[in-house]
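I opened the model this morning and jotted down what I looked up. Notes follow in the order I made them.

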Amino acid sequence: MAHAYTPGLKVTSRMTYQVVRMLPIKGEVNVKVGDTVEADKIVAATYMPGDVYPLNMANLLAVPPKDVASLMLHKEGEKVEEGEPLAQTAGIFGKFKKIYKSPYSGTVETISGVTGQVILRGPDIPVEVKAYMSGKVIDVNPEVGCTIENDAAFIQGIFGIGGETFGTIKIAVDSPDQTLTGEDLSQDMRGCVVVGGARMTDESIETARKYGVAAIVSGGMDDQDLRDFLGYDLGVAITGSENKGITVVLTEGFGDIAMATRTFELFKTFEGHEASVNGATQIRAGVMRPEIIIPLAPGSTEAEPEHSGGFLELGKPLRIIRDPYFGMIGIVKALPSDPHVLDSGSKARVLEVELSTGVAVIVPRANVELIEA
Amino acid sequence: MTIDLDNINVILATDCGSTTTKAILIEKVDGTYRQTYRGEAPTTVEKPFANVTIGVTNSVTEVAELAGRRLTNDDGTILKPAKDGDGCDLYISTSSAGGGLQMMVAGVIAEMTAASAKRAALGAGAIVMDVISTNDKRRPHEQIQRIRELRPDMILISGGTDGGTTEKVVQLAELIAPAKPQPRFGSEYEMPIIYAGNKDASDEVEKSLDEDWIDLAIVENLRPKLEQENLGPARDKIHDVFLEHVMAHAPGYDMLMDWTDADIMPTPGAVGDILQTIAKKDGINVVGVDIGGATTDVFSVFNKTFNRTVSANLGMSYSISNVCAEATMPNVLRWVHFDMDERQLRNRVKNKMIRPTTIPQSLESLIFEQAVAREALRLAYIQHKEFATTLKGVQQQRTVGDTFSQKASGTTIVDNMKLNLLVASGGVLSHAPSMNQTAMMLVDAFEPEGCTNLAKDSIFMMPHLGVLSAVHPEAASQVFERDCLIYLGTCIAAKGVGKTGKPCFAWSLNGDVTTSGTCNFGDLELITMGPEQRATITCEPAKGFDLGAGAGKNVSHEVRGGTVGLIIDGRGRPLCLPEDRQECQQTISTWVENMALYENQRQDEEMQEAVATA
């Protein structure tokens, strides 16, 4: 077989991009089809049922469970304020009554005659969904959410930390192989999406956080720095809900690895543009990668086909994604069809890669990803 | 449906995994059932296909092409019955696509009814997302919050022995009703809840869970008495609900259910069934392990009691970083017999996590990955031993003779000395370049004692055979014995600890292979013994060492050879490695050499040169 499909990350200077914005439960959608929205516009909102507080009233009042209902001062469905009497015992001859004051504000949801348990439901929790990407509303799902569409440059990262954010793109380094340090950052980068080159140091992340940078994007980082940043060793790549005050995106991987030239050049082209960034990563069935979306004015350039993998063909540029050649760039030199015995002793289908140094090496097909020159 | 077992000559079985659908063909050859052909294709439950039967048809088509036998009709359905060299007589399937069956369980006491409920769910092949109990140290509102966050496919509630507490059980139901967990199949899905607790509390539980989004089923109590578990009815109900609700919501499964001649089973449930069938047939104790990218499943049958655990975040790709975090890097590196840069290794581990499909190219990389596998398996087995226990909470009747016995209820039933067969499956074990490597990963991680047969699942067909064992036990058993298992050999290991270099046990082998020797403490030796060879080994342990008959007592075992041979292990149990890094490297180097672990590999000088140049 001369062709083998190889995955790659999506990087494109123009594509039509859609984001679906949905509420976790039904609510109100604040936009209509045809509306133009900014990234920070609240497009849908609702209220989640409040937190639940079970109270073992039979124990609290020292009465049998079946008596609890008759001693409640607020019945099922009634509201009660924090500190307000919620239940009261009959006392002895009408005296020495024991009053239990509600520890929370909320609504009495159920009163159980079997367990003597009272369920109090706290006030509703507001939930708001922002547009995230500026664009046009093209579809509304009543009470659920909407779809926003725009032309955008799109860069898919390999790994990220932190959730959705947006800001202006600022390039902090001169070349894609330059390490991003704290000295490359400045206070005027507050609220920006800062782009580095190769590895971002722990000091650069700390400085960025101190300056209020919205997101920081670079080629790689050391796992040790990630552990210092998070405060724990990340076991499974399911991220996005960290609350670290900054979103971090790696475009290539862990270690001292340069950002792909094409990705870096794309960022440079759009320096000063607004970008929406999401660090959420989920590497399981239904993989989710971090993303940087740069909304564009309509029709300024022709849409180009996206590059998100494809077939290995002679001459195609690629990156090796596993040691011993991790991070090296080269082109497909040959695609032998027979399996090859690797140095590990395993048999696998391989390809011959001509590295940028001119040296040719044999690599398993599973260990490369296609890139654009 | 009645199946005429006498007229079944061709059986087709598929296993729809999360990423790959595997099909096998079993045919009657000279009166014996044999697995003949195998095919695979990507699973098609996700968009753009969103129909599992497409992947099934593709994998079956591959089998058909290899077998030269038409197995599907023009519309893609399975061609039945077998006639004129085409079609099959029986079609069966298992499934773990879409993340398998995800459950939440609840019980009154964590160590008693909740543990029994967890056993029932795991035994049915589920992934248990959380266990809620009245003594799990979380406050009620925290428990409710947790239930709200989870998105289970179904919930199992147990609690109270029959005639025991009703209040605590109803309290559990009262937590679940207001939490209203959101099923992952969308808001239209009715959440199946199975109640298998105190029968006296059934009516009250029913009242508490009387909501339009709940589909409640009540079955027999899974712990009717403290000293008795009755997991069968709950397991059966879980299986029914899995078919009626979960499968029905997975794309294309309604079609697949029409195609199959027996109910579709969750994959791990089927693996558990085949291991139980074999343990019962041969009267042996078995441990099986399946190590995947994200999870590791361990199955055991000891004294006819079956247990299964899923270590959710111990795996070789998606979860590799978690293995290193849980085991710690020094524990992983103790299995590596040369120096490695820890900073670089940490980056490599994370790169494997974010690009899980890559494979080790260099020998160094392979050795490191196998070191991680040893730790993942070791941790998974520890979790399994902690879970597979005698029933907790049972009152002990002690006699004068038990005065000095420290046995309590809730002790593990996993006894490595009584383990007869250890079966390996999963990528890192099945695809290791040499079977010696597979055998040593098993021995180092599981630390079998006495005499233990080692085997591996040749092409991961245990799920297929599990579902087949429910329909046609004879066919399943024949294929399991002849084609499924590859016997690696036997491990003879002494329990006990001594001084390195001092005698551990003397042994003599008589039979197809005749030889003898002395094994000193710390020694590891490999005796060549082919798959068809059998012999009797007689061991004379030194004082303090046990090989099955008690400390210091002579013992004989019948041993079988295999693709690896006979492993004479005098490293002691528990297996302790030197704490000093240099000393540890030397020890491991000796073992690597004695076991010929990496003999066929070569360090490619060209490769190193290329790296240096680049």
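Predicted model: local features only at pLDDT ≥ 70, side-chain atom pairs only at ≥ 80, totals over all residues.

**Chain A: make-up and spread**

I started with the elements of chain A and found five helices and 28 strands. Next I looked up the radius of gyration of chain A: 28 Å, well over the 21 Å that the globule rule gives for 373 residues, so chain A is more spread out than a compact globule. I also took the extents of the C-alpha trace of chain A, about 100 × 55 × 45 Å along the principal axes.

**Confidence**

The average pLDDT of chain A is 88, and 93% of the residues score at least 70.

**Where A meets B**

I counted who takes part in the contact: 49 residues from chain A and 54 residues from chain B. On the chain A side, I noted the elements that each supply at least two residues, among them strand 5 (52-56), strand 9 (106-111) and helix 4 (223-230). By class, I get 26 nonpolar, 14 polar and nine charged residues for the side of chain A that touches chain B.

**Two helix pairs in chain B**

I then moved to helix 8 (residues 267-282) and helix 15 (residues 462-471) of chain B, whose axes come within 7 Å and cross at roughly 70 degrees. An angle of 65 to 115 degrees counts as roughly perpendicular, and therefore helix 8 of chain B and helix 15 of chain B are so described. Their crossing is left-handed. In the contact I see B:Ala270, B:Val271 and B:Ile274, among others, from helix 8 of chain B, with residues including B:Leu465 and B:Val467 from helix 15 of chain B. The class count there is eight nonpolar, five polar and one charged.

The other pair I checked is helix 3 (residues 140-149) and helix 4 (residues 167-179) of chain B, packed at about 50 degrees with axes 9 Å apart. That angle makes helix 3 of chain B oblique to helix 4 of chain B. I logged this crossing as right-handed. B:Ile144 and B:Ile147 are among the residues of helix 3 of chain B in the contact, and B:Leu175 and B:Ile176 are among those of helix 4 of chain B. By class I noted seven nonpolar, one polar and one charged.

Note on methods. Residues numbered from 1 in each chain as written. Chains lettered and ligands numbered in written order. Contact = placed C-beta atoms within 7 Å. Helix = DSSP H or I, 4+ residues; strand = E, 2+ residues; numbered from the N terminus. Nonpolar A, V, L, I, M, F, W, Y, C, P; charged D, E, K, R; others polar. pLDDT = per-residue confidence, 0-100. Axes fitted to C-alpha atoms, helices over the stretch in contact; angles between N-to-C directions. Parallel < 35°, antiparallel > 145°, perpendicular 65-115°, else oblique. Left-handed = near helix turned anticlockwise from the far one by under 90°. Rg over C-alpha atoms; globule rule 2.2 N^0.38 Å.
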